[in-house]
Amino acid sequence: PEQNQWRKLTEFNAYTGDGFTPYFLGPDGTLYVSARHGTDKVSLYRYDLNKKSIDPEPVVSLKDYDFSGSIVYNDKKILGVRFETDADDTKWLTPEMQAIQKSVNDLLPSTVNQISVAYHPETPYVLVQSFSDVQPAVYFLYDSAAKKLTLLGSSMPHIDPQQMSAKDMVRYKARDGLEIPAYLTMPKNAGKKNLPLVVLVHGGPFVRGGSWRWNRQVQFLASRGYAVLEPEYRGSTGFGWKHFRAGWKQWGLAMQDDVADGAKWAISQGIADPKRICIAGASYGGYATLMGLINDPALYRCGVEWAGATDINLLYDVSWSNLSVEYQKYGMPLLVGDQEKDAAQLKATSPIVNAARIKQPLLMAYGGSDLTIPVVHGTKFRDAVKATNPNVEWIEYPEEGHGWRLLKNNVDFWTRVEKFLNQQIGKP
């Protein structure tokens, strides 16, 4: 500001994990950034604008997780930092907020309780969002002077937490020794052994998939008696650079093996009935569903995929996709594969080329207005797989995009999923 001009702080390749991400400019002018800073995990640091350097010691550093969260502040100072490990948490930087958090947690001991403060605090009130794996968000007003909670409302009042199924983070070893985190949801009152299992593969794929929150898809499946495993396969973010980097150019290869190794782990633990395992997912999870049926036909009894990519080359070639030109030019060749240099690999790991190898029952669904994975992915694969597999059910919702937004379509799709799973893996 004293020179009244812009100045460059740094430049770096955004895809290779170097540099930092500007995170927050505090009320006092302090810049906070997220960075690996020579380590495996991303932490939150202060950045010295005069020295153009990151402070050596982090503000928040997490042992097994990358820092991901938000900063809580008012008009005077930063009060705390939210972050996610196996569940959400907050590190408060002031004794006053620490005391308020403890009081709220004493009143609401079974949930994560996120406190939001006013930017110009003039009253003793704070907002509390309370949630867990079995409870959708409930909102309270907390009077920190009187130490009393007032219920404001629930995001889903018709959901009874007592009927929901608990979710826990587990970790298992992939075949090459890499530790894979995963969320496991065990169906309530269904026992803990020899259960039908749905391996639910998250989309992205270069994102963190699961969280310790109420998830409608997971709870629906669990309410029907299915154990649900959500693997954070290599390439998933949030678990360090090594875990993320190990997934580069591993579509259909090591990333796929991580998913299969999760199912095999569940069998080895006695959780899953080896004859009643189905793989399912949307977007990249749909791709992984198809490749799972191709790579591990003896492991998966069936597959459910929606909005799934069926041809890696199509991700490059379809001109009416909303994938950015920047990502196609710089990100995908590095993370997924180069169309020219990796042509043989992309062909071998594209479901469309291997459609005839899928013999298991398959449920496919696509949105006719999807701009992320255009419906041509589905129609081309449907025609290819149906030539050799009569057990393929096809659904198309013309008005939907990348996932279902309309109630009627959600009800229709999950009713079909329930029927399909019951026929394939519902009974011993």
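Where does Gly238 lie? Gly238 sits in the loop between strand E15 (227-231) and helix H3 (241-245). This is a predicted model, where local features need pLDDT of at least 70, side-chain atom pairs count only at pLDDT 80 or more, and totals for chains, interfaces and linings use all residues. Residues are numbered from 1 along each chain as its sequence is written, and side-chain values use heavy atoms, with hydrogens and water left out.

**Around Gly238**
- Gly238 is buried, with a relative accessible area of 12% (buried means under 20%, with a 1.4 Å probe and protein chains only).
- Leaving aside residues up to four places away in sequence, Gly238 touches Asp64, Tyr65 and Asp66 (contact means heavy atoms within 4.5 Å).
- Asp64 is 174 residues away along the chain, yet its C-alpha atom and that of Gly238 are separated by 8.9 Å.

**The E8-E11 sheet**
- Four strands make an open sheet in the order E8-E9-E10-E11, with antiparallel pairing (strands are DSSP runs of at least two residues, helices of at least four, numbered from the N terminus; two strands pair if DSSP finds at least two bridges between them).
- Strand E8 (112-116) and strand E11 (148-154) are the edges, each pairing on one side only.
- Six bridges join E9 (residues 125-131) to E10 (residues 138-143), and Val126 has Tyr142 of E10 as its bridge partner.

**Helix H2 against helix H10**
- H2 (residues 216-223) and H10 (residues 407-424) pack at about 40°, axes 11 Å apart (axes are lines fitted to C-alpha atoms, for helices over the stretch in contact; angles run from 0 to 180 degrees between N-to-C directions).
- The contact uses Gln217, Phe220 and Leu221 of H2, plus Trp414, Val417, Glu418 and Leu421 of H10.

Note on methods:
Buried < 20%, exposed > 50% of the residue type's maximum accessible area, 1.4 Å probe, protein only.
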